[in-house]
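Subject: Structure handover

Hello,

Here is the structure you will be working with. Please open it beside this email and follow along.

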Amino acid sequence: MFVRRVVLLAALASCPLAACAGHPLSRVDAFPQLKHFSNRKEVWAEARFYTDHARTFGVDLVADYGIVPVALKIGTVGEIGGDPPRVYMPEMQLRMFLPDGTALAYVPADQVPVPQSIGDRILKEKLELSLLHPWSSDDARWGYVFFALPDREHFVSTGPTTVVHETEPLWREMSLADGLVSFVYTSNQGDEPVNLGLQTDSH
Amino acid sequence: MNKTLIRIACLVFIVLPLAAACSSVDPYRRPFEQLEVGAAQLDTDDFPGSVATLEELLAETEARAPEFALQRFYAEYLLTRAHVRASLVQPFLTEVVPNPSISSSASGGKVRPSRNAHLMAALMHRSFALEQREGAEASPTDSIGGPMLPPALEGFAIQNVSNYLFIAALAAYGNLGFEDDVRRVVKDEPNLSSVAQTRSFLATAQVGEEWYDDVFVFLFRALRPVDRIEAFRFAIAALAQSTRGDGTFSLDPLVLDEIGEYMTSGFTCTVCGKPVVKDEWICPWDNSDYMESVVEADKNGG
């Protein structure tokens with residue numbers, strides 16, 4: 001994996017046409033910035049991608065394990081009539097999408113395939129959700145959720161936020177920060193979908 | 001001697017010109033054919049086939065992109081269209097959602113078709129198309145081998161493609177629930193500010209009438225906080241557009257409820273003065289068209 005990254009980085013740096021890296025490569029430079037917060041009636045949610053998440057976990061989860069950590073905060077806003085909105089992690093249908101339509105599956109924190117020392121940090125930083133608390137209260141907290149790049153061998157990390165998707169016939173370099181996070185919460189009307197882009201941030 | 005001369009003449013006048021012709025095969029011919037095939041596949045709802053064909057075109061022309069700006073612009077447009085339509089008709093990209101019946105300590109998930117995946121891909125190809133637009137406008141439309149675009153695309157002007165790209169953005173943002181972005185798109189395009197203008201705009205963008213009600217719903221939601229009367233008109237247009245022959249609506253019941261709730265939130269008929277009736281676009285009391293004859297009760301002293 002490391003050798004491939006070096007070769008790809010060298011190719012990207014030296015060859016403006018990228019075709020000399022062996023495959024035509026297209027950069028997704030102008031993808032529209034998707035709103036990183038969502039206000040669905042009674043629920044407010046925000047998502048962030050920390051470019052220096054390695055400081056938190058002690059390792060670059062994207063480059064080394066194909067895992068994308070996203071910081072998420074969900075809370076209630078306004079007056080809640082009737083039953084309060086609810087979330088239950090196994091039923092949230094959490095997933096993430098890249099600009100080329102690649103879907104990343106949610107990985108529960110206790111299943112992220114990393115050595116135990118890293119796993120302990122992941123468990124410490126994971127999003128804890130049961131009841132939704134008012135957004136502005138101390139009880140509504142940020143926490144990480146984790147998504148796995150599919151076909152990991154076809155993704156190469158090329159920077160703090162970028163990956164190259166080696167798909168046929170065209171490789172695409174994309175920013176993880178252009179991704180979309182989707183989930184549902186349960187209200188009196190049933191499941192309410194929430195979609196939000198990512199705000200890039202650092203600690 | 002004569003045979004030698006004949007051989008030399010053959011070489012000079014037949015073989016060499018033939019070889020030269022072969023070496024200068026029209027480079028725009030293959031993209032032309034790929035556009036033709038990709039557009040035909042899209043017409044028959046073969047979305048995976050269309051995407052594969054057009055992605056191949058992009059891959060083969062990537063290294064000399066500026067020269068192929070016109071053909072790449074149309075390829076990106078068709079890809080945008082393919083993903084928008086696939087998201088609405090028959091998604092072929094997939095997503096995995098956790099299976100709620102499986103405990104958090106076990107792995108597993110359910111693979112299902114993904115609208116969101118297609119909407120993201122549509123936004124990406126739309127971005128690429130917008131990047132190519134300037135180059136496409138500056139590009140010649142003919143090469144030595146003939147036109148660069150197949151007949152199906154030749155009559156669809158770059159401006160009309162751009163109109164479609166506006167609608168694609170609106171469909172993507174609307175379906176993802178980004179109403180602020182729908183409002184921004186509408187603000188950027190004055191031809192989407194009334195129902196009549198929007199109908200005309202959709203026609204120039206070759207958007208199928210079966211999608212008009214969705215577009216009207218997105219515009220209704222986007223305008224609701226900023227222009228209640230115009231939002232009302234788009235709601236009425238969505239209702240009228242989605243009416244089936246048997247009087248039922250093709251709109252999702254939740255959307256119908258949303259529209260019905262809005263219609264009965266303080267609007268009155270200016271002809272009879274009575275409150276607007278839910279799920280009707282013609283006033284049942286005086287047969288006037290709500291599109292033209294509605295005012296908010298509180299603004300009419302009601």
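Below is what was found, taken topic by topic.

First, a caution: this is a predicted model. Every value here is computed from it.

**Chain A**

Chain A has 4 helices and 13 strands. It holds 203 residues, and 41% of them are buried. Look next at contacts in chain A with a separation of 6 or more. Of these, 66% link residues 24 or more positions apart.

**Where the chains meet**

The contact uses 33 residues from chain A and 32 residues from chain B. Which parts of chain B supply the side that touches chain A? Helix 3 (47-61), strand 1 (94-98), helix 5 (115-138) and helix 8 (179-188) each give at least two residues. Helix 5 of chain B has the largest share, with 9 residues. By class, this side of chain B has 15 nonpolar, 10 polar and 7 charged residues.

**Helix pairs in chain B**

Two packed helices are described by the angle between their axes and the distance between the axes.

Start with helix 2 (residues 29-43) and helix 3 of chain B. They pack at about 160°, and their axes lie 8 Å apart. An angle over 145 degrees counts as roughly antiparallel, so helix 2 and helix 3 of chain B are roughly antiparallel to each other. Their crossing is left-handed. On the helix 2 side, the residues in contact include B:Pro31, B:Leu35 and B:Val37. On the helix 3 side, they include B:Gly49, B:Leu54 and B:Glu56. The residues of this contact divide into 6 nonpolar, 7 polar and 1 charged.

Next come helix 4 (residues 69-89) and helix 5 of chain B. The angle is about 160° and the axes are 8 Å apart. That makes helix 4 of chain B roughly antiparallel to helix 5 of chain B. The crossing of helix 4 and helix 5 of chain B is left-handed. This contact has 13 nonpolar, 7 polar and 5 charged residues.

Now take helix 8 and helix 10 (residues 212-223) of chain B. Here the angle is about 100°, with the axes 9 Å apart. Angles from 65 to 115 degrees count as roughly perpendicular, so helix 8 and helix 10 of chain B are roughly perpendicular to each other. Helix 8 of chain B brings B:Glu179, B:Val182, B:Arg183 and B:Val186 to the contact. Helix 10 of chain B brings B:Phe218, B:Leu219, B:Arg221 and B:Ala222. By class, that is 5 nonpolar, no polar and 3 charged residues.

**Backbone points to check**

Most residues other than glycine have a negative phi, and most peptide bonds are trans. Some places in this model depart from that.

- A cis peptide bond joins A:Glu168 and A:Pro169, with omega about 0°. A:Pro169 sits in the loop between strand 9 (162-166) and strand 10 (171-175) of chain A.
- A:Gln93 is not a glycine, yet its phi is positive, about 55°. A:Gln93 lies in the loop between strand 4 (67-76) and strand 5 (95-97) of chain A. Is A:Gln93 buried or exposed? It is buried, because 21 other C-beta atoms lie within 10 Å.
- B:Asp279 has a positive phi near 65°. Its place is the loop between strand 5 (267-269) and strand 6 (294-296) of chain B. B:Asp279 counts as partly exposed, because it has 14 C-beta neighbours inside 10 Å.

Best wishes

How values were computed:
Residues are numbered from 1 along each chain as its sequence is written. Chains are lettered from A and ligands numbered from 1 in the order in which they are written. This is a predicted model: local features need pLDDT of at least 70, side-chain atom pairs count only at pLDDT 80 or more; totals for chains, interfaces and linings use all residues. Two residues are in contact if their C-beta atoms, placed from the backbone, lie within 7 Å. Ala, Val, Leu, Ile, Met, Phe, Trp, Tyr, Cys and Pro count as nonpolar, Asp, Glu, Lys and Arg as charged, and the others, Gly among them, as polar. A residue is buried if 20 or more other C-beta atoms lie within 10 Å of its own, exposed if 12 or fewer, and partly exposed in between; C-beta atoms are placed from the backbone. Axes are lines fitted to C-alpha atoms, for helices over the stretch in contact, and angles run from 0 to 180 degrees between N-to-C directions. Angles under 35 degrees count as roughly parallel, over 145 as roughly antiparallel, 65 to 115 as roughly perpendicular and the rest as oblique. A crossing is left-handed if the near helix is turned anticlockwise from the far one by less than a right angle, and right-handed if clockwise.
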